Amino acid sequence: MSGTNPVFLVRKAKKSSGQKDAVLWCSDDFEAANATLDYLLIKSGAKLKDYFKAVATNFPVVNDLPPEGELSLTFCDFYQLGRDNMTWAQIPGVTLPSSEAVAAASQRIVDGVDTETGEVLEDHTETFGNEEGVKTSGSSPELTVVATMPFRHRVLAQLIGEGEYLYHVDTEQKKAIRELEMDTDNSYVQNLLLAAENVQEFKKAIEHDIHKAVKAVVTVFPIDGRIPELALLIRFLKTWFDTEYIDRGLLVKEWAKGNRVSQIQRTTSGTNAGGGIKTDRHPELNHDLNSLDIEIALATLPMDFNIYECPGSVYRRAKEIFQKKESPFKEWSVALRETPGILDYSRAAIFALIRGAGENVHHFPVSLRRYINANLTESNHEKPTAETLSAARHVPEKDAVEEIDRLDAERGEFVEGISEPTETSAQPQVGNLGGGIFSIEGLMGETASNEGEKTEVEATSDVQVQETDGDEEQDTDALQTDESDAGTVEETVSVESAADILAAGAPSLANPEQDDVNQNSDSVSQNIDSVSHSEPEVQQTEPEAQQDEPDPEQAWPEYFEPGRYEAVPNDVYHAANGISSTMVKDARVSLMYYDGRHVSKTIKKERSKVLDMGNLVHALALQPEILDEEFSIEPVIPEGVLTTTATIRAVIDDYNNSLPALLSADDIKRFIEEYNATLPAQVPLGASLEETGHSYMELPEEFQRIDDGQKQTAAAMKACIKEYNATLPAQVKTSGSRDALLDQLAIINPDLVAQEAQKPQPLKVSGTKADLIQAVKAVKPELVFADELLDAWRENPGDKILVTRQQYATALAIQSALYAHPEAGKLLQNPTRAVEVSYFGIDDDTGLEIRVRPDVELEYEGLRIGFDLKTISMWDVKEDSLKSRLHREITMRDYHLSAGMYCNVADLDKFAWIFVNKDEGYHWVAVVWASESLLELGKLEYRQTIRAIANAMDTGEWPAPITEDYTDELNDYDLRRLDVLREMA
């Protein structure tokens with residue numbers, strides 16, 4: 001140790017833990033010193049999860065250093081790190097422990113015994129920084145590096161660590177390890193050791209992988225639970241080491257739930273494809289994306305049949321569809337291969353989904369994705385409901401395919417029950433035992449080839465739909481996007497890729513011509529769920545746990561441990577622990593702003609529901625399946641829906657014209673006048689005495705009241721005339737409105753008026769648009785109005801972002817421009833891409849928790865590449881200035897800082913931005929790759945800001961962007977203007 005420069009480490013405690021910061025210095029390398037610090041912390045009773053990672057600092061030159069190799073929890077009570085987080089300085093106002101007290105404490109400790117109190121101290125006595133403010137130490141513990149121990153001891157060391165990674169073990173731990181190794185009654189430990197020694201990858205593993213493997217075993221097979229069988233334990237360890245590092249966590253979860261999966265399968269979009277739970281398929285048969293393709297091809301056929309024991313003729317037609325990549329199989333395969341958890345759904349659900357779709361839905365990828373998301377909702381995958389089987393058109397009796405088998409028989413192919421075997425071509429018999437199991441008696445007469453291999457045969461009768469080879473490598477890229485057509489929305493299928501897969505795993509599927517020869521010579525009943533191989537899969541000995549209905553909503557943890565997480569919802573991610581790149585950008589504005597936004601939270605910023613075209617384009621280009629969850633698109637107004645006032649008036653006019661005609665005012669007047677004409681005419685009073693006299697003489701005698709001898713005055717005669725006229729029927733009025741005339745007509749002809757009242761009244765053609773709508777709805781409630789559709793859309797019951805048809809059309813045009821771009825289209829539609837994957841980690845310099853979520857990531861030629869999709873508006877930027885403007889956009893908005901953070905946390909090798917102009921009709925696309933220097937600049941700026949955040953957290957000081965007075969100086973341009981003005985003056 002003396003030949004190594006001393007290293008000074010500090011492990012800062014998390015504020016929520018209530019612990020003190022720990023320091024240690026020793027003459028050793030960083031890894032060994034870090035391991036020693038971890039050991040001493042654990043031995044002191046502390047938990048490593050309460051501390052951030054150890055950080056190496058400058059060696060402090062002070063008189064009060066703790067002894068070499070000793071853990072100190074009090075050093076940070078007197079000293080603190082400066083702004084650079086590297087240099088130690090005394091805390092102002094804190095009194096250091098006196099050297100006399102330290103010396104006195106050292107003299108008081110003799111051979112590990114406190115001479116004043118008589119207390120026997122253990123490995124070291126710590127009084128530095130306690131009430132007396134003094135520390136001294138005794139002897140250091142004897143430690144053994146785990147990596148130098150025998151293999152069996154290394155395994156047991158990680159077992160006794162109880163989930164913590166042990167670098168060193170002390171004497172007591174070594175003794176416990178030896179006792180465990182010799183305890184033959186402990187079947188759990190002995191099986192673990194035997195399994196470890198029988199798995200070559202385990203024996204070659206580095207120390208960290210041994211720790212992970214042991215921890216995985218304990219998680220899947222708890223120590224206090226049922227002791228796992230040796231064969232099952234070996235199987236798990238082999239599967240664990242064969243699984244990609246990033247998928248091992250999912251594998252452990254599946255095994256812990258009782259799903260003994262042989263691998264973690266992923267969809268073409270990079271999500272978990274499932275396949276670990278029981279479905280309606282045979283439990284001993286493997287189900288992968290390739291067997292899913294066969295099921296899809298079968299479901300696209302028009303005939304009905306038994307979906308669990310499909311006839312050979314149907315299967316051969318499905319195989320032909322698969323090989324030729326016919327439509328609609330091709331489109332369904334692309335869509336379902338991208339669906340998360342697709343292998344967990346039953347065969348009946350797949351058939352019902354495809355057979356229940358509209359005739360042309362596969363021509364529209366976005367609509368197809370919506371249909372799948374809306375209808376693939378099965379909960380019990382092991383026992384499909386009767387409704388699902390009916391929708392799948394499952395016909396157990398298989399009568400519907402009798403004619404197809406008959407046609408096969410006419411072509412010379414043997415079909416059970418139709419063709420009769422001859423003496424020259426005797427056919428082997430296969431008995432159906434039910435449940436997808438068949439009796440193979442009669443197949444022992446198989447002929448062997450020159451190389452001793454069995455001739456592969458294919459069924460022509462009852463066939464299941466799956467391939468089994470437990471060790472067969474799965475190819476999730478069987479359907480790739482053709483590079484020549486990468487710009488189109490519809491993905492094409494690579495026939496060569498599928499052919500390679502079939503040639504490796506199922507030669508009978510890859511070579512149809514040879515397959516037909518085999519059928520004609522050795523036709524047998526075959527289980528398509530299991531294309532036979534020379535080495536059968538190892539039978540499972542551990543009974544599988546009964547799987548309950550899955551939880552429809554995944555429960556996300558309140559605290560995310562460092563790692564990679566897929567499909568984390570937006571609200572969960574933004575509320576999760578860790579500093580995001582957006583938060584780092586806020587700190588770049590100023591630490592005061594960061595404090596207001598994320599610490600004290602005095603600055604409130606609620607998410608606006610106003611449409612952000614960038615978010616809409618992001619959803620359409622990368623995650624069209626979530627479009628309906630976040631956005632509410634203005635409904636399309638169907639034909640026949642009433643939109644404008646003119647169309648509503650037209651409906652009213654049509655309705656009014658269809659009604660029986662009402663009596664007009666003239667008609668009513670005519671009726672009244674005719675009635676009045678039948679009445680006796682009244683005697684006129686006369687304008688003169690002579691006229692009045694004539695009228696008086698026309699009166700009946702009884703009304704001529706003037707006696708003879710009396711003077712016949714005009715007044716007396718008029719009085720008689722009036723008396724007579726009063727006895728006559730009154731004339732009906734013929735003036736006034738139509739309603740008034742109707743009232744008059746009711747006097748003389750009430751029946752006619754009653755008939756008029758029974759007629760439907762015409763609708764009003766005046767008033768506001770709302771009044772007209774209400775009038776029409778009163779007589780035709782079935783009519784649909786555009787205003788009602790739009791009002792229901794604007795109510796937005798799901799609190800989604802509203803998108804008008806014009807905005808949606810613009811976003812679709814941008815999506816088309818992105819997909820049509822020769823480079824961006826291939827990146828955005830790459831079937832191996834992963835979208836919105838969340839990464840959580842710990843910053844190495846400060847120990848702060850951080851998180852990132854790049855838009856897109858994919859692997860290409862061994863490189864991990866990340867992308868961000870950005871919408872911009874640069875319609876007025878000249879072509880020669882675009883590149884400089886894009887560079888300014890990147891640096892001004894700190895896109896390069898985010899890229900550097902993505903590369904660090906998500907372990908990306910390269911990064912690029914896909915810019916698309918969002919101005920209507922001008923959607924140009926640019927793929928801009930980040931140079932090494934640009935990424936380095938982003939990483940350095942990110943680390944500098946993280947250190948500033950950490951220092952502010954430690955000190956509690958969040959400074960404003962400007963803290964000191966300054967003098968404003970002229971720039972070069974202003975200075976030149978000043979010189980010109982001086983000369984002119």
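Helices here are DSSP runs of H or I with at least four residues, numbered from the N terminus. The model is predicted.

**Exercise 1. Find where His381 lies and what its side chain contacts.**

Step 1. Locate the residue. His381 belongs to the loop between helix 14 (365-375) and helix 15 (386-391).

Step 2. Check burial. The limit for buried is under 20% relative accessible area. His381 counts as buried because its relative accessibility is 6%.

Step 3. Look for a partner. The side chain of His381 makes a polar contact with the side chain of Glu378, at 2.9 Å.

**Exercise 2. Classify the ring pair of Phe8 and Trp88, and state which parts the pair ties together.**

Step 1. Start with the whole structure. A search of it finds 24 aromatic pairs.

Step 2. Take the geometry of one pair. Phe8 and Trp88 have 5.7 Å centre to centre and 70° between the planes. Planes over 60 degrees apart count as edge-to-face. The pair of Phe8 and Trp88 is therefore edge-to-face.

Step 3. Phe8 is in strand 1 (residues 7-11) and Trp88 is in strand 5 (residues 88-90), so the pair ties together parts 80 residues apart in sequence.

Step 4. Check burial. Phe8 counts as buried, at 1% relative accessibility. Trp88 is buried too, with a relative accessible area of 11%.

Step 5. Widen the view. Phe8 and Trp88 belong to one aromatic cluster, together with Trp25, Phe59, Phe75 and Tyr79.

**Exercise 3. Classify the ring pair of Tyr902 and Phe911.**

Step 1. Read the geometry. The ring centres of Tyr902 and Phe911 are 5.5 Å apart, and the planes are at 45°.

Step 2. Assign the class. Stacked needs planes under 30 degrees apart, and edge-to-face needs over 60. At 45°, the pair of Tyr902 and Phe911 is therefore tilted.

Step 3. Check burial. Both Tyr902 and Phe911 are buried.

How values were computed:
Residues numbered from 1 in each chain as written. Heavy atoms only, no water. Helix = DSSP H or I, 4+ residues; strand = E, 2+ residues; numbered from the N terminus. Buried < 20%, exposed > 50% of the residue type's maximum accessible area, 1.4 Å probe, protein only. Polar contact = N/O pair within 3.5 Å; in protein donor to acceptor, adjacent residues only side chain to side chain. Phe/Tyr/Trp six-rings, centres within 6.5 Å; stacked < 30°, edge-to-face > 60°.
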